[in-house]
Amino acid sequence: MTIIMGVDPGISGAVAFYFPMVPSRIAVDDVPVAGGEINVNELARLIRIHRPTLAVIERVSAMPGQGVVSMFNFGRSYGDVRGVIGAMDVPLHFVTPQKWKKHFGLSSDKDECRLRAIRMFPTAAESFKLKKHDGRAEAALIALYGAEVLMKVAA
């Protein structure tokens, strides 16, 4: 069974596992955190449970105005997620926010992403209901992008 993992990286990000054979089925979780860092063991456990066939991570870069410590911490979290996925031997693809959002006709408005995720995955709407769930919504849409664009190319 094909399962696509979508990742909105960072300590406040999320992971989603999309099941294209059942289009409304998605499992979303906040990125597991322990002691202010990515809990790599828990992330690996989630990957073992869902066994994704493909992972899609949002390609991110430094943002003007962010402090050095903040960017270092974000970079470490981004690297932790990439490393765990790689160590779990899941094929990995990257997509810029501009590219996946353009695919869905979305702006940079995080609430717009959250509302789209509710519409696309009504059975999981509870997972996206709060403003702070924008990372979950983005991870879900990144996974859906992987199924619609990357799996179509791979097929």
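**Exercise 1. Identify the buried residues of helix H4 and state how they are arranged around its axis.**

Solution. The buried residues of H4 are Cys113, Arg114, Arg116 and Ala117. Buried means under 20% relative accessible area, exposed means over 50%, and partly exposed lies in between (1.4 Å probe, protein chains only). Viewed down the axis of H4, these buried residues fall within an arc of 165 degrees, so they line one face of the helix. The arc is that of the directions from the helix axis to the C-beta atoms. Helices (H or I, at least four residues) and strands (E, at least two) are DSSP runs, numbered from the N terminus.

The model is predicted: local features need pLDDT of at least 70, side-chain atom pairs count only at pLDDT 80 or more, and totals for chains, interfaces and linings use all residues. Residues are numbered from 1 along each chain as its sequence is written, and side-chain values use heavy atoms, with hydrogens and water left out.

**Exercise 2. Describe the surroundings of Arg116.**

Solution. Begin with the location: Arg116 belongs to helix H4, residues 110–120. Next, consider charge. Arg116 is buried yet has no salt bridge, and Glu112, the nearest side chain of opposite charge, is 5.4 Å away. A salt bridge is a side-chain nitrogen of Lys or Arg within 4 Å of a carboxyl oxygen of Asp or Glu. Lys and Arg count as positive and Asp and Glu as negative; His and the chain ends are not counted. Then turn to the backbone: the side chain of Arg116 reaches the backbone oxygen of Phe104 at 2.7 Å. Finally, leaving aside residues up to four places away in sequence, Arg116 touches Phe104, Leu106 and Leu141, where contact means heavy atoms within 4.5 Å.

**Exercise 3. Which residues are joined with Lys101 and Glu138 into one network of salt bridges?**

Solution. First take the pair itself: Lys101 and Glu138 form a salt bridge, with their closest N and O atoms 3.6 Å apart. Lys101 lies in helix H3 (residues 97–104) and Glu138 in helix H5, so the bridge ties together parts that are 37 residues apart in sequence. Lys101 is buried, with a relative accessible area of 10%, and Glu138 is buried at 1%. Salt bridges that share partners join Lys101, Lys110, Asp134 and Glu138 into one network.

**Exercise 4. Characterise the aromatic pair of the structure.**

Solution. The structure holds one aromatic pair. Its members are Tyr18 and Phe121, in an edge-to-face arrangement with 5.7 Å centre to centre and 70 degrees between the planes. Rings of Phe, Tyr and Trp (its six-membered ring) pair if their centres lie within 6.5 Å; planes under 30 degrees apart count as stacked, over 60 as edge-to-face and the rest as tilted. The pair links distant parts of the chain, with Tyr18 in strand E2 (residues 14–18) and Phe121 in the loop between H4 and H5, 103 residues apart. Both Tyr18 and Phe121 are buried.

Notes: Polar contact = N/O pair within 3.5 Å; in protein donor to acceptor, adjacent residues only side chain to side chain.
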